[in-house]
Amino acid sequence: MSAATRPGRLVIAVDGPAASGKGTLARRLAVHYGLPYLDTGLLYRMVARAMLDAGHDIHDAIAAEQVVNSFDETAFPEERLRGREIGEAASVVAAMPAVRAGLLTRQRRFAAQAGGAVLDGRDIGTVICPEAPAKLFVTATPEVRAARRHKELVGRGEAVTLDGILADIRRRDARDSGRSDAPLKAAEDAVVLDTSALTVEEAASAAIGIVEGRRAA
Ligand code: CDP
């Protein structure tokens with residue numbers, strides 16, 4: 001029996017495109033089920049931050065491989081990871097196979113905790129935890145996602161326009177879905193949750209309903 005399916009443990013995989021609301025939902029699920037939570041996007045953002053801090057070209061795959069095998073996860077306060085520039089840079093390094101391979105073990109180790117875990121990202125249901133019993137693919141229209149991300153970045157004091165953010169979202173969708181290694185896509189056994197017209201409360205109760213359905217199955 002694998003770690004993901006051991007009785008009494010629950011692994012929840014939450015995937016989806018940029019600003020789909022997956023992080024908010026994953027956090028809510030973690031609180032609801034009393035499980036530890038990992039935002040795997042932050043790991044890619046840390047690699048990107050470490051690359052930029054060291055003055056490397058973000059497209060330099062050799063430097064990225066060195067960084068991913070040596071960076072200190074505790075060295076980056078979250079506010080240094082959430083900016084627009086870092087989201088973009090993270091999706092560049094995330095397309096590099098050596099970066100994905102370098103981050104795989106720590107994600108699997110997190111998912112293997114005794115009671116289980118909630119992880120969110122792009123490839124949790126397909127690559128990191130393919131045996132997770134509960135998988136959600138959270139999505140929303142590009143326009144809705146752009147409006148959410150715009151509000152978040154303006155709240156952080158960034159000078160951004162809605163059109164600029166919509167262009168970022170479309171570019172990131174294309175890069176994340178088009179890469180050859182672990183592209184963004186719903187696992188065959190994932191349940192798709194479109195949050196375009198849902199409030200956070202509505203989306204959270206739909207997400208819990210999906211997990212409960214999977215646990216009962
Ligand atoms: O919050 P947002 O959805 O904008 O981004 P994120 O989840 O923090 O991820 C930033 C970038 O990291 C994404 O655009 C992906 O390219 C990459 N990523 C990934 O490839 N695989 C993951 N499991 C998580 C993030």
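**A walk through the fold**

Of the 217 residues in the protein, 48% are buried, meaning under 20% relative accessible area with a 1.4 Å probe and protein chains only. Bear in mind that this is a predicted model, where local features need pLDDT of at least 70, side-chain atom pairs count only at pLDDT 80 or more, and totals for chains, interfaces and linings use all residues. Residues are numbered from 1 along each chain as its sequence is written, and side-chain values use heavy atoms, with hydrogens and water left out.

Let's start with the overall layout. The protein has nine helices and five strands, taken as DSSP runs (H or I, at least four residues, for helices; E, at least two, for strands) and numbered from the N terminus. Read from that end, the order is β-α-β-α-α-α-α-β-α-β-α-α-β-α.

How about dimensions? Along the principal axes, the C-alpha trace spans about 50 × 35 × 30 Å. The radius of gyration is 17 Å, which agrees with the value near 17 Å for a compact globule of 217 residues; it is taken over C-alpha atoms, and the globule rule is 2.2 Å times the number of residues to the power 0.38. Of the contacts (heavy atoms within 4.5 Å) with a separation of 6 or more, 78% join residues 24 or more positions apart.

Now zoom in on helix 4, residues 84-93. Eight of its 10 residues are buried, so the helix is largely enclosed by the rest of the structure. Among them are Ile 86, Glu 88 and Val 92. The buried residues of helix 4 pack against helix 2 (40-53), helix 5 (97-111) and helix 8 (162-178).

How values were computed:
Buried < 20%, exposed > 50% of the residue type's maximum accessible area, 1.4 Å probe, protein only.
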